[in-house]
Amino acid sequence: RIRVHAPAAQVAPHVPPRQATVTPDGPDACVLTSAGGWTRQFLVWAALLDHELTVLDPPELVAEARAVGDRLVRAQPTSSGSAGSAVHSASDAS
């Protein structure tokens, strides 16, 4: 489950029912519950809703959010203009 720091009425139009349910959590937040269990794709999709998020559970999703966030931070250019050392190009995979 992921708390989105935006009203349910603002988030719900962007959430296909096959993807997740949106439950109000006070006037300024809502909770997304994945319709098919959590996945990395669900996490990234929720982040692309472009609102602040709090990953609630399960613990594996919390850990995955941390790992994806760390990876994105390392992808930022350093002052020398190159990306962090942990980022590789697609050609590195072959």
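Phe-42 and Trp-45 sit three residues apart in helix α2, so about one helical turn separates them. This is a predicted model, where local features need pLDDT of at least 70, side-chain atom pairs count only at pLDDT 80 or more, and totals for chains, interfaces and linings use all residues. Residues are numbered from 1 along each chain as its sequence is written, and side-chain values use heavy atoms, with hydrogens and water left out.

**View 1. The aromatic pair.** There's one aromatic pair in the structure (ring centres within 6.5 Å, taking the six-membered ring for Trp). The rings of Phe-42 and Trp-45 have centres 5.9 Å apart and planes at 25°, so they count as stacked (planes under 30 degrees apart). Phe-42 is buried, at 3% relative accessibility (the cut-off is under 20% relative accessible area, 1.4 Å probe, protein chains only).

**View 2. The buried side of α2.** Phe-42, Leu-43 and Ala-46 are the buried residues of α2. They span an arc of only 100° around the axis, which puts them on the same side of α2 (the arc takes directions from the helix axis to the C-beta atoms). Their cover includes β1, β2 (20-24), β3 (30-34), β4 and α3 (contact means heavy atoms within 4.5 Å).

View 3. Helix α3 (a DSSP run of H or I, at least four residues) covers residues 59-74. Leu-61, Glu-64 and Val-68 are its buried residues. Their arc is only 60° around the axis, which places them on the same side of α3. They pack against β1 (2-4), α2 (40-47) and β4 (53-55) (strands are DSSP E runs of at least two). Turned away from that side are Pro-59, Arg-66 and Val-73, which are exposed (over 50%).

Terms used
Expected span 1.5 Å × (residues − 1). Phe/Tyr/Trp six-rings, centres within 6.5 Å; stacked < 30°, edge-to-face > 60°.
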